[in-house]
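These are my notes from looking through one chain.

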Amino acid sequence: MVIPHWFSRKADTSQKTLGLILPGGGARNAYQVGVLKAVEELVPTGSPSPFPVVTGTSAGSLNAGMIASRSSDFSDAIHRLTGMWENLHMDMVVRTDTKTTSKTAARWLWSFTSGGNSQPDSLLDNTPLRSLIENHVNLARMRQCIAAGQLRALGVTSSSYSRGASITYFEGQDELKPWERTRRIGTPTRLRLDHFMASIAIPVVFPAIMMGNEYHGDGSMREAAPLSPALHLGADKLLIISVRNPQPDNVSALKPRYPNLGQIAGYMFDTLFMDRLDSDIERLNRINFALAQTKRQMFQHNNAKLRPIEFLVISPSVDVRNIVAKHVHAFPRSMRILLKTFGAMNKEGRPLTSYLLFDSGFARELIDLGYHDGLAQRDKLQELLGL
């Protein structure tokens, strides 16, 4: 019998280790910053981060890296993280000049008409993103925080195209061990810039990253159990910040139009970034409920102590797709033309544009939403933080 991944393997102690889970979501990840601003208000100014374990996937890895690298001062970490997102603009993430986008479009067109010859590596050139990460994620300082005991581990997840597996690369305390489950691997390593670029390499949109002798892409692709890495790294209670409103879509009474490429791509992004997280949270709820029904707080299996995991999920209280509708004009002209080609500039394309709109106006509104959603959960956050 396999031990379920959603249980902690730590021995029972009075002092629990809090893990922060930041899943992917592209430009939507600005929402996580707002929630963390609300958390920061509960923590004394200048104190270390309340999250000894931090894991991030896709754009969530950028947020995770910034928080982990400044674990010695949580207020400073959130101040810097907020400043980065509030001043973000598209050409800090991708090249938006007309020459680059025209050249890419021409290469894609030639590839389609010539049977796949000279296929471009990606739809967008995210070379500027490398500089953005390098300027904001201080890995040397992260290692100082690990040495000082202020950080237990940082985990960054990507997907291996060769192995067809989700790989969490982590750096942390010496006692942490690697793990391997079905298509899920945890590997200790010295984290570098390529790990973050690989985690954010959205298939087709951004180019894959070569690490070792294999190409890696966005960590969300194979991440069947998004909660698992934090538990393997020693967390036994969790704060999970999702970036999708949990309410299901309403079905219109009007006859729908046939889905265009923009709508299909947005649907695929939702599936890529969100569905597995929701499924993993459901599993965790079911197991916790089952243990509560048996009135057993812990049981023994194969010399491992398994117990319920305390967790809190915070997600947008409104549909982010409605927010992006007010900001789509912020796309550079070259991007608007490209997205219009895919039918992504209309209502049906909002899911796609909400992932790609790296713009300060959109980010600021998401940060504000996350902040107010965090404040609405103030009591639960205080309980989770042990305040």
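How many helices and strands does the chain have? I looked this up in the model, which is predicted, and found 14 helices and 12 strands.

Entry on the whole chain. I noted 387 residues, of which 55% count as buried. The chain exposes about 17,700 Å², and carbon and sulfur atoms supply 52% of that area. I then looked at contacts with a separation of 6 or more: residues 24 or more positions apart account for 77% of them.

Entry on helix H1. This helix runs over residues 30-40 and is mostly covered, with 10 of its 11 residues buried. I listed some of the buried ones, among them Tyr31, Val35, Leu36 and Glu40.

Entry on Thr187. I found Thr187 in strand S6, which spans residues 184-188. Is Thr187 buried or partly exposed? Its relative accessibility is 26%, so Thr187 counts as partly exposed; buried would mean under 20%. Leaving out residues up to four places away in sequence, I saw that Thr187 touches Ile167, Thr168, Tyr169 and Phe170. I also looked up Thr157, which is 30 residues from Thr187 along the chain; their C-alpha atoms are separated by 10.0 Å.

Entry on Tyr215. This residue sits in strand S8, residues 214-218. I put Tyr215 down as partly exposed because its relative accessibility is 43%.

Key:
Residues are numbered from 1 along each chain as its sequence is written. This is a predicted model: local features need pLDDT of at least 70, side-chain atom pairs count only at pLDDT 80 or more; totals for chains, interfaces and linings use all residues. Side-chain values use heavy atoms; hydrogens and water are left out. Helices (H or I, at least four residues) and strands (E, at least two) are DSSP runs, numbered from the N terminus. Buried means under 20% relative accessible area, exposed over 50%, partly exposed in between (1.4 Å probe, protein chains only). Contact means heavy atoms within 4.5 Å. Accessible areas come from the Shrake-Rupley method with a 1.4 Å probe; for residues, only the protein chains shown count as cover.
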